[in-house]
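Hi,

Here is the structure I promised to pass on.

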Amino acid sequence: MTDQPPADRALEGGPAGTLEPYEVFRQEKEGGPMIHGGNVLAPDAVLAVHYAREMFGRRNESTRLWVVRRADVHVLDDPDLLDPPLDRSFKKPGGYVMRDKLAAARGKAGTSKPGARAAAHDTTGRRTGGEA
Amino acid sequence: MTLSKVPSAAREAAAKLDAPRRDALAELLLTMADDEFVGGFMDSEWTGIAPILEEDVAMSSIAQDELGHAKALYELLAEVLDDGRDADAIAYDREPEAYRHARLLDLPRGDWADTIARRFLYELADEARLASIGTGYGPLADLVAKLRREERYHRMHVVAWVERLANGGRIARGRLEAALAVAAAVAPTVFTRLDGEPELLRAGILSRPLAAADAAWRVDLTRILVPLELALPPTIEHGPEGRAGHSDAFRWLWREFTSVRRSEVGAAW
């Protein structure tokens, strides 16, 4: 595992020229969120999944793993976009208590729990459309 | 690893066995357990020096799995024998010649290709053997169902490596071919006929002869080796020497894996 590019490992010899990092996300229980666990170096996706299983799944700590080639991850870390310099406090909901209003609205609509959107959001990672 | 906790779940089933059946079952359990134990210990010799860190963890974990399988089988055996020895005593307190692992597991660790070749041939053979265990002895049938779930991953791992070495360029392929040639010559010894085999078949503890498992193994191997243009193992006569006359590599390994146990005889760990 590494937080550095694969070039580091290449200095140690072995078949490192062909290794690349894969990011591993894990789910602790069915329906839970996928949490970034760490990463593995592997020569291809098949072995990356094997190694992810050994690093993040061999002690019954995961019900599901997502293994993603780091090169396939689209990164946004531009501070101009994520942390603009001007005051944004007006975009934050602080001081505005939603709970009672939500409860009243739910009572009116006759729905108990706000889970509909979350349930519709696929957390299995299975490909949808086309063949499974 | 400590093997001292013996569950008594199987004791009742074991008590119902008559002598010929008990002997035959004990022989089967001992051969299966010794295969997993010796093979697992030899694989553990990669810990710390496998080709890459991730593979080091993977191979070490698989080796631990195999030792765990050996532990479960030795515990069943301890119940069947009921001679005062626990799983630890059976696993560690024998002279090298009393181990009944197949000659395939007698091979030295060798290089990575040697280990992959040995593991590949053994994993698929073990799978064919596990598929031959019937329902005649409940505790073993229950255990085998669990073992097969774990062995699925071992198979995926080792087949992935065979494919990569076979297609990994001239040097990798050359080493794999050489390693397979050595290991394949002794690989069928996993199916060495057991003295108690007729009794095991009568009792339904085996659902088919080991010779039939050997045939199933070859069909399985064909599907993987032929597309890779790799040679299939030769057929051999199954004599008793398939699980006897162990190698110097095994005697070295035996000294390693018994060293702690022998260092303080009778100590509780």
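Predicted model: local features only at pLDDT ≥ 70, side-chain atom pairs only at ≥ 80, totals over all residues.

Residues are numbered from 1 along each chain as its sequence is written, with chains lettered from A and ligands numbered from 1 in the order in which they are written.

Chain B has ten helices and zero strands (DSSP runs numbered from the N terminus: H or I of at least four residues for helices, E of at least two for strands). Its C-alpha atoms fill a box of roughly 55 × 45 × 30 Å along the principal axes.

On to the contact between the chains: 13 residues come from chain A and eight residues from chain B (two residues are in contact if their C-beta atoms, placed from the backbone, lie within 7 Å). On the chain A side, β2 (35–42) and α2 (45–56) each give two or more residues, and α2(A) has the largest share, six residues.

α2(A) packs against α3 (residues 53–81) of chain B at an angle of about 70°, with the axes 9 Å apart (axes are lines fitted to C-alpha atoms over the stretch in contact, and angles run from 0 to 180 degrees between N-to-C directions). The two helices are therefore roughly perpendicular (65 to 115 degrees). H50(A), Y51(A), E54(A) and M55(A) meet E54(B), V57(B), A58(B) and S61(B) there.

Cheers

Key: Parallel < 35°, antiparallel > 145°, perpendicular 65-115°, else oblique.
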